[in-house]
Amino acid sequence: MRLGVVGAVGLGLACASVSGMATGEPAPAAVVASAQETTSTLLDGVFTAAQARRGRQVYSRDCASCHGPEMKGGEMAPGIAGSDFMVFWTELPVGSMFERIKVSMPEDGPGRLTDNEYADVVAYIFDANGYPAGEVELPADKAELDKIMIVAVE
Ligand code: HEC
């Protein structure tokens with residue numbers, strides 16, 4: 001799981017540098033496909049403040065015991081707030097983070113939350129990392145979430 005995500009990040013970075021230099025070299029096909037499908041970014045206000053508050057309840061109940069009350073991590077688990085964490089996910093769709101959390105977290109019972117709870121907790125992670133809230137909730141649907149690209153916070 002983790003290796004797969006790291007591989008995808010590698011492709012994303014390669015793509016960014018290729019297009020940035022405008023060398024005309026073809027970007028990796030997988031990256032082009034996902035870039036075409038995305039229609040918004042995390043800076044567009046893709047979750048609501050109310051949703052992040054719900055996610056905070058989920059986080060306190062199911063995640064804080066390992067990741068810590070401030071998401072800084074600890075002996076039990078890595079931090080999930082701060083630039084290191086978000087840089088890792090930059091250029092990946094939100095659907096990848098949603099799915100990654102859904103299949104592997106909480107580590108002591110993966111998949112035991114509802115899809116709505118997973119979407120809410122992802123909204124809370126974005127809120128805690130400084131992304132703007134907006135008018136629409138983050139959908140609890142991987143295909144829809146794949147249309148939203150994770151970018152660095154401004
Ligand atoms: C029983 C302890 C435990 C609980 C509870 C738990 N996690 Fe984790 N989490 C871990 C450990 C250990 C890792 C590192 C191993 C791995 O990546 O699978 C991790 C990794 C992660 C990662 C990836 C971090 C990275 O840098 O790649 C995310 C995101 C995450 N957890 C989110 C959550 C969320 C959201 C919840 C609550 C729904 C949660 N975790 C609950 C132990 C836990």
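Me: Which element gives the largest share of the shell around the ligand?
Reply: The largest share, 3 residues, comes from α4. Helices here are DSSP runs of H or I with at least four residues, strands are E runs of at least two, and both are numbered from the N terminus. The model is predicted: local features need pLDDT of at least 70, side-chain atom pairs count only at pLDDT 80 or more, and totals for chains, interfaces and linings use all residues. Residues are numbered from 1 along each chain as its sequence is written.

Me: How many residues surround the ligand, and which are the closest?
Reply: The ligand is surrounded by 20 residues, the closest being C63, C66, A77, M105 and P106. A residue counts as near if its C-beta atom, placed from the backbone, lies within 6 Å of the molecule.

Me: Which elements give two or more residues to that shell?
Reply: These are α4 (64–67), α5 (83–89) and α6 (94–104).

Me: Turning to α6, which of its residues are buried?
Reply: V94, G95, M97, F98 and I101 are buried in α6. Buried means that 20 or more other C-beta atoms lie within 10 Å of the residue's own, and exposed means 12 or fewer, with C-beta atoms placed from the backbone.

Me: Why do they line one face?
Reply: Seen down the axis of α6, the buried residues fall within an arc of 165°, so they line one face of the helix. The arc is taken over the directions from the helix axis to the C-beta atoms.

Me: What does the face turned away carry?
Reply: That face of α6 carries the exposed residues V103 and S104.
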